[in-house]
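My entries follow the order in which I looked things up.

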Amino acid sequence: MTDPDILIIGAGPAGLMAAEAAAMAGASVLVADQMPSPARKFLMAGKSGLNLTNTVPKEQFLAAFGDNPVAAHVARFSARDVMDWAEGLGQPLFTGSTGRVFPRAMKASPLLRAWLARLDGLGVRFRTRWRWDSSSVQEARFDTQDGPFTLHPRATVLALGGASWSRLGSDGAWAARFAAHGLVAPFAPSNAALSLHWSPHMTPHFGAPVKNTALLTGDQIHRGEFVVSARGLEGGGIYPLTPWLRDGGALTLDLKPDWSLDRVAEQLARAKGSVSNRLRKGLRLSPVQIALAQEFGRPLPADLAPLIKSLPIRHNGPRPLDEAISTAGGLRFDALTQDLMLHESPGVFACGEMLDWEAPTGGYLLTACLATGRSAGQAAAQWVQATANSER
């Protein structure tokens, strides 16, 4: 096997985009991944509808990343660029009512097949079931089915993922190689379900969506649908609150967010019958909302209105790290140059979810993975060209 100009370690969206960018710049590229096939987490994400990006205004999109340096890479490969890229792969898109952008196929497999075909046409080679076994990032040693193997690329792009969904390849094991040098921020769950222990009376409501409810933690007020599950609360209404809830933040629900406290009290006073009937007829709460009020409000006070407007949820923090949609933490940006090269390892670049950034769901995560992959692939190709020129 001939050594490639650029070795990409990790075949998720960031690694594949790095491979595409590098190959289009004229470099020979080899992608190595420890799993039997590329982009397994990408495929899993697409099973519920592949949210590629979001059409909110660019300034609003970038603001989702705060002051994290990842925003600069997203600015250079924006939501519009992601849409053009996907359509260039023959994947028609549509935009939902919230601005989220999906392939019309509503799954990842057609896009991935077209993407891999493009990479094949660019001469990108793949090796699967290759586990990176280097003692430092300057090494390119792998454990393979055929025994140890070493490559000598001119540049390397690390696209090793975060630390959730380890069965799909993102096990975070790479972090131990960098942690001793203080280069890694600890992993934490992001966009995660909330863990709760329910009483038996909640069992009939598992799977029920909770609508028309506001969620409050700290100074954050969020409106969004979520679902009661056997393990707790999950869904788009919960995920954006993970940064506050994982730090021990309290959570309260406003079950009538469009009504004032006085109006809630007035309607409850007019309603007759049992508590459940008053909540159902007077406030038009859904059965799952009533169940939540009884679960966390007992013993119910005589004045129910304040409880309805601020129902405290006793929770146990986010679900375990491996169950999270994504992870916060990772390789610190102060360990990298602006073009994502490790200061301590010239010619080695990093991208994707292994970097220390966090974004909400809604297309932000995948867009940033693609954007940083593109930046790293281009920078690696430029490094190869510059070193080749210096050797002449």
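How many bridges join strand β18 to β19, and do the two run parallel or antiparallel? I am working from a predicted model. I found three bridges between β18, residues 251-254, and β19. The two strands run antiparallel. I then checked a facing pair: T252 stands opposite P312 of β19.

**The sheet**

Next I traced the whole sheet. It is open and has four strands, in the order β15-β14-β18-β19. The pairing is antiparallel. I noted the edges: β15 covers 220-223 and β19 covers 311-313, and each of these pairs on one side only. From one strand to the next I read an average twist of 30°.

Then I looked for a helix on this sheet. Helix α11, residues 287-297, packs on it and touches β18 and β19. The direction of α11 makes about 75° with that of β19.

**The cores**

The largest nonpolar core holds 84 residues. I listed the members that touch the most others: I6, F65, W115, L331 and W357. Helix α13, residues 364-391, gives this core its largest share, 12 residues.

Leaving out residues up to four places away in sequence, W115 touches P13, L16, M17, E20, W85, L89 and L370.

Last, I noted another core, which lies apart from the largest one. It has 34 residues, among them W198, V210, I290 and A305. As background, I wrote down that nonpolar side chains tend to be buried together in soluble globular proteins.

Key: Residues are numbered from 1 along each chain as its sequence is written. This is a predicted model: local features need pLDDT of at least 70, side-chain atom pairs count only at pLDDT 80 or more; totals for chains, interfaces and linings use all residues. Side-chain values use heavy atoms; hydrogens and water are left out. Two strands pair if DSSP finds at least two bridges between them. Axes are lines fitted to C-alpha atoms, for helices over the stretch in contact, and angles run from 0 to 180 degrees between N-to-C directions. Contact means heavy atoms within 4.5 Å. A nonpolar core is a set of buried Ala, Val, Leu, Ile, Met, Phe, Trp, Tyr and Cys residues joined through side-chain atoms within 4.5 Å. Buried means under 20% relative accessible area, exposed over 50%, partly exposed in between (1.4 Å probe, protein chains only).
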